[in-house]
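These are notes for a colleague who has not worked with this structure before. Please keep the sequence and the model open while going through the points.

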Amino acid sequence: MEYVSPEGLRLDGRRPLEMRQLRAELGAVSRADGSAVFEMGNTKVIAAVYGPREVQQRSQQLNDKALIRCEYTMANFSTGDRMRKPKGDRRSTEISLVIRQTMEACILTHLMPRSQIDIFVQVLQADGGTRSACINAATLALADAGIPMRDLVTSCSAGYLNSTALLDLNYVEDSAGGPDVTVGILPKLDKVTLLQMDAKLPMDIFENVMQLATEGCKAVANYIREVLIENTKQLENRRGV
Amino acid sequence: MEVDRADGRAPNQRRPVACTRGILHRAHGSASWAQGDTKVIAAVYGPKAGTRKNENPEKACIEIIWKPKTGQSGKPEREYEMVMKKTLQSICLLNVHPNTTTSIVIQVVNDDGALLPCAINAACAALVDAGTPLKHLAIAICCCMSENGQILLDPSKIEEQKVKSFVYLVFPNSIASVLPEGSLKSEGEIMEHGILTSVTHGVMTVDDYFSCLKLGRPAAAELSDFIRNNLKLKPGNDSSKAA
Amino acid sequence: MAAKGGAAPATYSPSPTTFKKKRPPIFTDVDWVRPDGRDFHQCRPAFLRTGAVNAASGSAYAEFGNTKVIVSIFGPRESKKAMMYSDTGRLNCNVTYTTFATPVRGQASSDNKEISSQLHKSLEGAIMLDTFPKTTVDVFALVLESGGCDLPVVISCASLALADAGIMMFDLVAAVSVSCLGKNLVIDPVSEEENYQDGSLMITCLPSRNEVTQLTITGEWSSPKIHEAMELCLDACSKLGKIMRSCLKESASTSQE
Amino acid sequence: MVGLSVGEKHFIQGGIAQDLRTDGRKRLTYRPISVETGANGSARVKMGKTEVIASVKAELGRPNSSAPDKGKVSIYIDCSPTAAPQYEGRGGEELSMELSAALRQCLLGGKTGAGAGINLSSLSIVDGKVCWDLYIDGLVINIDGNILDALGAAIKAALSNTGIPKVNVASTAPSDEQPEVDVSDEEFLQFDTTAVPVIVTLTKVGRHYIVDATSEEESEMSSAVSVSVNRQGLICGLTKRGGAGLDPSVVLDMISVGKHVSEQLMNKLDSEIAAAEATMEEE
Amino acid sequence: MVGSANGATDLSSEMEVDAFRRLFPLRFHERHLLESVRPDARSLGKARETSLALGAVASADGSALAKIGCTTMLAAIKMEVMTPSKEAPDEGCVAIDFHMPPICSPIVRPGRPAEAAPVVSKHSGMIDLKELSLVSGKAAWMAYLDIYCLDADGALFDAALLAAAAAFSHLQIPVVSLNDDGRIVVVSKENGEKAKNKPVNEEKRKLKLRSIPFALTCILHKNYILADPTAEEESIMDTLITIVLDTSCQLVSLYKPGGPALAYESVLQDCIALSRQRVKELQKILNEAILDMDVD
């Protein structure tokens, strides 16, 4: 199948190095301590953060740092075909773990010992790159909740199809079976916290693809920063500062 | 008459037995036990703190996890687990470690008849390897009644399917004691003549059952000697063989 | 059923239930006769007995026509370990069906949770939960045979079993349902009637306090019809309440002797 | 779920008794409702802070042998853990099940389908062979009371936004075989939602009952009755929550009040749905 | 309450007996055993009162309710049609399930399978599977036997086996015919005239039971043998032995899963003798129940 046309256009009309439309909104869930909606094209996720709060299960309590928990769920209607999977299937568990580990790396957990922070991520529409979208939404929600972090974590994916490196794969491109590199970075510190790939790729091409994904992460970081600054300004206005 | 078993054994002849202890590093005790082509690995973990609900916390609890060779465990496996649990519970000194659980994992490597007796023997060896305090050992053996009324010892899978009925018997092993002769007898019976566990399949006459007992007892005594010798060896040594 | 034919154990029931394609026309007529020959507003004879299960703290057996139910009560006893502290007692309800309860084997086992939660909702209003703080009362019901009106029978039987177990209650709980078939309201419907009903109304009430603890309606109803059906049910509930009361008195007097 | 002090409890109860609730509403006033319709067969409804999404998907299936001339409808509700941490893992299952059951009861009518909001016969394609299976999925994103009414409204909006593809049946198929069907990509039949009822939940606090209760108000309830009412003013289903018993006359009174309120809600919803669809078309 | 030797004087008032029973259950029972009597006034070798009711469930093809003391078992059979396997084209099948629903005992809670369950659902060869054949190679009966324990008070296997055997003797196989689609349908009275297809099993409405097995569970404790134990006795003295004999006194099963007491040959002989006696009793009870049913 042809994923990049001779004119250099992708199936959804993007250029290979073009990202999908980003949209983010803070405070989507009123009861949560922090929440955010994050959209990357047709992929749409909600993240809600509860905490820091008392540890619910005593046996899990950590005395030197906060306990971070994460749950990833997909709505039944999020995919093209209606699915009815039991909660907590392997894929969800794996992604929950990835998000948890990524967020744990940037939260200053040692400042909140003996407490618990829950991150719930709900996928409303899935069109490729849910992992990245979830991480971006979780970052925003954590920032909204005012949880101390080393830096924002942002994530983006890139792939390699038809001998072309493609930024931010959608569902059709993702299911083409080619390599899919998901990268998560701490943009200010310029450090990689997440790197996932489950296919073979020559070393030099991999470097290119990863470079592309990292650029994508930086773009997301810029957008997220804008959203946060905008939100802060609004809060200031409301307070009349 | 003797040669009508497929593998040329005499009716009262067991298959060769092999036992190796300490084959797993992470387990507290482990053993593999083979009788002919039937082979089972047993691993002992514990005692671990706490018992499950509905178990007596004043005693140690024993838990059997039976892993079949392929597939998921079903009804027969659960039945094996039950029988093994009750059998091993009665040879362990449960009062030594109250409110603990010892897990015994049985992995079937190959089933060629007499599977449950093989697993019980393996578990016994693994318990010794783990140093679990025991009253005595349990020696399990299988006898079956062939169509022509002959009693065969330690049947293979094919024989098990052909015969009309079979019996699994578990005896306590003979105790080498410093106590004076006779003090271990109760009611005038010799201890190793008592049955610890008996499970039968298929219809037989009462007399047949007692003939099975008669045949099984000396075989169990032989096995008992084999285990005793094997336990004297250092664990991890190469398997010794007994015919 | 036949559509399911796959590699799975391919057994099927030879009973002719699948062949009744059209609903029998008699139900829409004004003067049809109910399958068991009852009047529209006549309940099935009820047989109730307490103390059916020795191992339980309280139990009851109920038989309404072909609907046969056993309920056992255990407790008040220790709550499950995972439960948080609670200064009122907990009620735990569980309803199961036997595999042979329905005409087709194992058909009714799917919606146990729903029926269990209905049972819970109907009973919780009648029980003085603060008389057994920190503990749980388990209400386990087994439907031996399903012959229509399973839930109301389970509820009535459960309240009798609770009384037998000596759990403090404001009142017994009696439950009755009516089916709407065409223009007719029939009380205490059998399975066959339930399968062809246009609507149903179930009331569980505390007969001597004249209080409704649970009410469910399905199908399309006008207000006057709801009124009529409720009257019918409440009347039947108070009668059922009397039967339950006399059953309890009887068992109390025999145990004294 | 909601921790309130004694003072706050009194404030809520007192407000309700004086027909002036904490957010300034009267007893029988709804919070602002907003309806947003999305792509084919989906809608988002906000009632105050309560936010739910409903989606309708149609698949081809085989009708049940007991009702060969009818399609099938199933309703599943999920409570997202984003709404409250206790719905994490399997924690939301109980509430999800209860909501699903209540909605089925309120929307799908009796056993024969009388009073159903969705005409099951219209979902049939070939009697006994092919029909539409309608899957209605609801997702609760944010909870601030009165989820059932919001879900009912969202489902109504999603249904009115659902197009079911036109199906051509190959007429030559022999009677005992599964007929070949051709699902059209272009022609859609709009779903008729005039019969879909609305759900009104009356929550009893003290001696009075209120509509559209918030979480705080729900924590003070003794019992709640949800009535589903269609355009003709007929009751299509009723469920009760909460343990406390009610006098039969009170129940009847609540039903009549529910019927009265439902008219306003129905009109409000219809205009909101129309407005939402209009904005969709503009885009 | 301290000494056990002078227990008789301690146990003068009723409250104290109850307390003693709860605090020192083993001593309480051993005191009884010394006098060769059990707390429920039975002698050691005597079984509890046993009753049978056939046809307890109308929705099943065959059913029976068995009671041994307080232990209650309900067994019911539903017949369904299956295509027999290639290896045995003219044999039916029997599927046995044993259920411990939560109502039967305080230990069983919903969601966890009762430990005792798998042991009970063992197959006994009393039915000739060939009798369950309908059309060779095409259709055969699958008999689903479900046994529910309604009240668990010891000797569960004995009661379950009795209920199962009684359910099979109550079983009425429906008359069926082969319809045009190759499916088996019930010949009912209403559509009897239009059923042009001849019934395939008019003569085979009842199963011939070859020889019916009966079980007796005994407790071995020290040198005592207690027949038909209650749940209380089972929980205190935990060496159980279950012997199943059929009507011709063949041994169907001898099941002893471990336990601190060892079974010597003499003990086995004694148990078998008790079982022989019990088989006669149970056979009589079963025959009476069948006769009662025939009269009705």
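1. Chain D has five helices and 12 strands; here helices (H or I, at least four residues) and strands (E, at least two) are DSSP runs numbered from the N terminus. The model is a predicted one, in which local features need pLDDT of at least 70, side-chain atom pairs count only at pLDDT 80 or more, and totals for chains, interfaces and linings use all residues. Residues are numbered from 1 along each chain as its sequence is written, while chains are lettered from A and ligands numbered from 1 in the order in which they are written.

2. On confidence, the model scores ipTM 0.83 and pTM 0.85. Chain E averages a pLDDT (the predictor's confidence in each residue, from 0 to 100) of 81, and 82% of its residues score at least 70. Over residues 1-11 of chain E, the pLDDT is below 50. That stretch still has 10 contacts in the model beyond near neighbours in sequence, a contact being two residues whose C-beta atoms, placed from the backbone, lie within 7 Å.

3. What are the overall dimensions of chain D? Its C-alpha atoms fill a box of roughly 75 × 45 × 40 Å, taken along the principal axes.

4. Of the 283 residues of chain D, 49% count as buried. A residue is buried if 20 or more other C-beta atoms lie within 10 Å of its own, exposed if 12 or fewer, and partly exposed in between, with C-beta atoms placed from the backbone. Among contacts in chain D with a separation of 6 or more, 69% join residues 24 or more positions apart.

5. Between chains C and D, 37 residues of chain C are in contact with 31 residues of chain D. Elements giving two or more residues to this side of chain C include helix H1 (112-124), strand E9 (199-206) and helix H4 (223-256). E10(C) gives the most, with 11 residues. By class, this side of chain C has 11 nonpolar, 16 polar and 10 charged residues; Ala, Val, Leu, Ile, Met, Phe, Trp, Tyr, Cys and Pro count as nonpolar, Asp, Glu, Lys and Arg as charged, and the others, Gly among them, as polar.

6. How do E10(C) and strand E12 of chain D run relative to each other, parallel or antiparallel? They run antiparallel and are joined by three bridges; two strands pair if DSSP finds at least two bridges between them. C:Trp221 stands opposite D:Ile235 in E12(D).

7. Elsewhere, 23 residues of chain E are in contact with 29 residues of chain B. The largest share of this side of chain E comes from E12(E), with five residues. By class, the side has 13 nonpolar, six polar and four charged residues.

8. E:His221 is found in strand E9 (residues 213-221) of chain E. It counts as buried because it has 22 C-beta neighbours inside 10 Å. Not counting residues up to four places away in sequence, E:His221 touches E:Leu226, E:Met237, E:Thr239 and E:Ala261.
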